[in-house]
Amino acid sequence: MELRIFTEPQQGATYDDLLRVAQEAERLGFGAFFRSDHYLGMGTPGLPGPSDAWITLAGLARETSTIRLGTMMTSATFRHPGPLAISVANVDQMSGGRVELGLGAGWFEAEHQKYAIPFPPLGERFDRFEEQLAVVTGLWSTEGGFTYEGRHHSVLDSPGLPKPVQRDGHRGGPPVLIGGRGHRRTPALAAAYADEFNLPFVPFEEGLAQHDRVRAACEAIDRDPGSLVYSAALVLCVGETDAEVARRAAAIGREPDELRANGLAGTVEEVVDTIGRYRDSGQSRLYLQTLDLGDLDHLRLVAEQVVPLAG
């Protein structure tokens with residue numbers, strides 16, 4: 001089971017805050033450092049204000065050397081597909097081939113209203129999302145002119161430059177992550193485009209049912225369901241004692257019992273048991289949502305005591 005660090009900087013973080021966490025995560029041997037792609041805090045003023053995901057990752061690409069970097073998830077409403085393909089390829093080059101693109105349809109209407117970003121109805125957002133996946137992966141993978149005709153996004157004889165360093169994803173570029181609870185279009189898009197299917201903050205049994213839908217969607221297009229990585233994201237709250245768990249829960253405004261039920265929370269022994277449940281279900285990665293970015297001892301505890309037992 002690979003453990004990755006996942007941050008939510010729209011809740012309140014500077015670039016330097018993210019840099020400290022990313023560099024410590026790298027030093028401790030975590031598999032990746034991911035960040036959300038949001039422009040508005042949720043239930044908080046989010047001071048000092050949002051940071052752009054791909055600008056941030058470009059900086060981290062030059063200030064780290066081994067840890068993988070990515071988004072969970074970039075909203076398809078935020079950027080046109082051509083510029084997004086260029087940005088991700090640039091950061092992949094800057095990192096020496098360590099980037100992963102999590103991409104979704106977009107859901108948080110308020111941030112669109114606050115920052116003048118169009119927010120079409122759900123059906124249109126999924127249509128644009130599907131076309132964006134086709135364009136981004138097509139620009140990365142096609143040699144010579146790339147042409148695509150869609151309802152919302154069209155490309156005519158594009159050189160598809162720059163190319164990313166990584167070309168071994170399912171569609172010939174950096175790994176693409178797709179996630180979500182939708183029963184029909186989401187599994188189909190994952191089967192067609194994704195290298196990894198991720199479910200954030202979803203009840204365990206519901207996640208297994210969705211994984212079955214993704215596997216069925218793969219089989220429907222003659223893709224090996226085992227060629228995808230299956231993963232989950234969970235709020236992290238670990239302590240050596242119950243008192244330490246309670247202290248860390250209070251620091252992020254949550255209750256220990258609720259976190260134990262819905263996150264990756266509790267004492268080291270409890271958390272190792274939870275990880276084992278996910279591993280035994282066929283999932284091979286967990287994204288640890290780290291909300292208190294000033295508590296680097298939290299990451300050290302996981303690396304030193306949880307990872308050796310997680311297997």
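Begin by selecting P48, which lies in the loop between β2 (32-35) and α2 (53-63); helices (H or I, at least four residues) and strands (E, at least two) are DSSP runs, numbered from the N terminus. The peptide bond that joins L47 and P48 is cis, with an omega of about 10 degrees.

Before going further, please note that this is a predicted model, in which local features need pLDDT of at least 70 and side-chain atom pairs count only at pLDDT 80 or more, while totals for chains, interfaces and linings use all residues. Residues are numbered from 1 along each chain as its sequence is written, and side-chain values use heavy atoms, with hydrogens and water left out.

Then select F201, found in the loop between β9 (196-200) and α7 (204-220); although F201 is not a glycine, its phi is positive, at about 60 degrees.

**The whole chain**

Now zoom out to the protein, which has 11 helices and 12 strands. Its radius of gyration (taken over C-alpha atoms) is 19 Å, close to the 19 Å that the globule rule (2.2 Å times the number of residues to the power 0.38) gives for 311 residues, so the protein is as compact as a globular protein of that length. Along the principal axes, the C-alpha atoms fill a box of roughly 60 × 45 × 35 Å.

Select residues 7-271, which an unreviewed UniProt entry annotates as "domain: Luciferase-like"; UniProt positions are given in the numbering used here, feature names are shortened, and annotations may be inferred rather than shown by experiment. Over this stretch the chain is 43% helix and 19% strand, and the end C-alpha atoms are 19 Å apart.

**Helix α1 and its contacts**

Two packed helices are described by the angle between their axes and the distance between the axes. Select helix α1 (residues 15-28) together with α2: their axes (lines fitted to C-alpha atoms, for helices over the stretch in contact) come within 10 Å and cross at roughly 45 degrees, on a scale from 0 to 180 degrees between N-to-C directions. The two helices are therefore oblique to each other (angles under 35 degrees count as roughly parallel, over 145 as roughly antiparallel, 65 to 115 as roughly perpendicular and the rest as oblique). Show the side chains of Y15, L18, L19, A22 and Q23 in α1, which meet T56, G59, L60 and E63 in α2 (contact means heavy atoms within 4.5 Å).

**Last stop: α10 and α11**

Finally, select helix α10 (residues 268-280) with helix α11 (residues 296-310), which pack at an angle of about 50 degrees with their axes 9 Å apart. This pair is therefore oblique. In α10, V268, V271, V272, I275 and R279 meet L301, Q305, V306, L309 and A310 in α11. The residues of this contact divide into 8 nonpolar, 1 polar and 1 charged, where Ala, Val, Leu, Ile, Met, Phe, Trp, Tyr, Cys and Pro count as nonpolar, Asp, Glu, Lys and Arg as charged, and the others, Gly among them, as polar.
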